[in-house]
Amino acid sequence: MTPKKLFIYLFVLILTNTIYAQINTKKLFYVDAFFVTSNEKKFEYIKEIEEYDTNKKAYSVNIYYKSGKIYLTGTTLDKDKVILDGKCLYYFENGKKKRVANYENNKLIDKQYYYHENGVFKLESEVEVSKNKKESTLKILNYFDENNVQKVNNGEGEYVEEGWNDQTSTGTIKNFLKEGIWRGNLIGKKVNFTEQYNKGKLVVGHSLDSLNNKFTYNVVNERSLPKKGMNDFYNYLKKNDIIPKNINSKITGKIIINIDINENGKLENVSAYTGDQYGITENAIQLISQYENWIPGKHRGVNVKTHLTLPIVFQ
């Protein structure tokens, strides 16, 4: 190969690699347990967005444990906020498959598959969504314990349900749905609970914490809300000029604010995915941080720390 041809070949190779690198730019973020952007002192995972510098309807997303091992791989509809869509794979830190999930706009749909950490197949379930997409029903199809012994067969049997915060509950599955009395505990909170179900619907639940405080509930999860209601909260933002007075041009668009509220209803963190050139986001964070009248969220009747994602739209 002549020097001239070699130069042209190298130039084309470098140009091709440069274009490829520009198209496939990746961006890393520290994120918390809710996949909300955090910092290197408080993060739980590391989020990687492929082709971040492009404008697309969907982006490939990878979430990693602190160790660098893969935790999740899938597709998000937003490059700054994780909105899972389509098939998503989860992994244990030992590299074994943990879960195969199907999402639509960050909500579970269709078949879901789970695995034990030793690699044994664990659960086949299905999420049925109503026609108006406002309600969903979880059906338990088949369940195996860690020794590969089948406990639920074609929607009938005894099931051990595991959830976040090291919680477990045990009860009967009849015709694919929870039925009768279920008992469980929240290990992290040192709470025991008993619940009654009828065709998959919670009738009533009773929980008891380590101080023998008793709670009764008919909803498993209750989100945190302003004590005076959301209308009062939004009126507070409008009244206090969330848009700085020195901005004369019309502002359109949306900012997304993240709010963490602790078990006592106190704000612990107010942040945003992205900023803006007018200082609106910074002003919103400051105003929301001063609005302290919140009702704490509840899980099985017990106060818990909750996370809210608050969109503020300007028209």
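In what order do three strands form an open sheet, and is the pairing parallel or antiparallel? The order is 18-23-24, and the pairing in this open sheet is antiparallel. The structure is a predicted model, and its protein chain holds three helices and 25 strands. Of the 315 residues in the chain, 37% count as buried, and the C-alpha trace spans about 80 × 60 × 40 Å along its principal axes.

**The open sheet of three strands**

- The sheet is built in the order 18-23-24, and strand 18 (221-222) and strand 24 (302-304) stand at its edges, where each has a single partner strand, so one side of each is left without a neighbour in the sheet.
- Strand 18 and strand 23 (residues 297-299) run antiparallel and are joined by two bridges, and Glu222 has Lys298 in strand 23 as its bridge partner.
- Arg300 lies in the loop between strand 23 and strand 24, and this residue has a positive phi of about 55° although it is not a glycine.
- Arg300 has a relative accessible area of 4%, which lies under the 20% cut-off, and therefore counts as buried.

**Strands 8, 9 and 10**

- Strand 8 (residues 110-115) pairs with strand 9 (residues 121-129) in the antiparallel sense, and six bridges are found between them.
- Strand 9 also runs antiparallel to strand 10 (residues 136-144), to which it is joined by seven bridges.
- Leu123 can be followed across these pairings, as it is the bridge partner of Tyr114 and also has Tyr143 in strand 10 as a bridge partner.
- The hairpin of strand 8 and strand 9 has five residues between the strands, and Gly119 in this hairpin takes a positive phi near 100°.
- The hairpin of strand 9 and strand 10 has six residues between the strands, and Lys133 in its turn has a positive phi of about 60°.

**Aromatic rings**

- A search of the whole structure finds 18 aromatic pairs, and one of them brings together Tyr30 and Phe43, whose ring centres are 4.7 Å apart and whose planes stand at 50°, so the pair is tilted.
- Tyr30 belongs to strand 1 (residues 26-31), while Phe43 sits in the loop between strand 1 and strand 2 (45-50), so this pair ties together parts that are 13 residues apart in sequence.
- Tyr30 counts as partly exposed at 33% relative accessibility, whereas Phe43 counts as buried at 14%.
- Tyr236 and Tyr291 form another pair, with ring centres 5.0 Å apart and planes at 50°, so this pair is tilted.
- Tyr236 is found in helix 2 (residues 230-239) and Tyr291 in the loop between helix 3 (280-289) and strand 22 (294-295), so the pair ties together parts that are 55 residues apart in sequence.
- Tyr236 and Tyr291 are both buried.
- Phe35, Tyr45, Tyr65, Tyr71 and Tyr90 are linked into a cluster by ring pairs.

**Charged residues over rings**

- Arg99 lies over the face of Tyr90, at 4.7 Å from the ring centre, and Tyr90 is also one of the residues in the cluster of ring pairs.
- Lys79 lies over the face of Tyr52, and the distance from the ring centre is 4.9 Å.

**The second largest pocket**

- The second largest pocket has about 170 Å³ of space, and its lining is made up of Tyr234, Leu237, Lys238, Asp241, Ile242, Ile243, Ile312, Val313 and Phe314.
- At least two residues of this lining come from helix 2, and at least two come from strand 25 (306-314).
- Sorted by class, the lining of this pocket has seven nonpolar residues, two charged residues and no polar ones.

- Most residues other than glycine have a negative phi.
- Asn212 has a positive phi of about 65° although it is not a glycine, and its place is in the loop between strand 16 (201-208) and strand 17 (214-217).
- Asn212 has a relative accessible area of 57%, which is over the 50% cut-off, and therefore counts as exposed.

Note on methods:
Residues numbered from 1 in each chain as written. Predicted model: local features only at pLDDT ≥ 70, side-chain atom pairs only at ≥ 80, totals over all residues. Heavy atoms only, no water. Pairing = 2+ DSSP bridges. Helix = DSSP H or I, 4+ residues; strand = E, 2+ residues; numbered from the N terminus. Phe/Tyr/Trp six-rings, centres within 6.5 Å; stacked < 30°, edge-to-face > 60°. Buried < 20%, exposed > 50% of the residue type's maximum accessible area, 1.4 Å probe, protein only. Lys NZ or Arg CZ within 6 Å of the ring centre and 35° of its normal. 1 Å grid on protein atoms, 1.4 Å probe; cavity = no way out; pocket = protein on both sides within 12 Å on 5 of 7 lines; lining within 4 Å. Points joined across faces, edges and corners; volume = space filled by probe spheres on them. Nonpolar A, V, L, I, M, F, W, Y, C, P; charged D, E, K, R; others polar.
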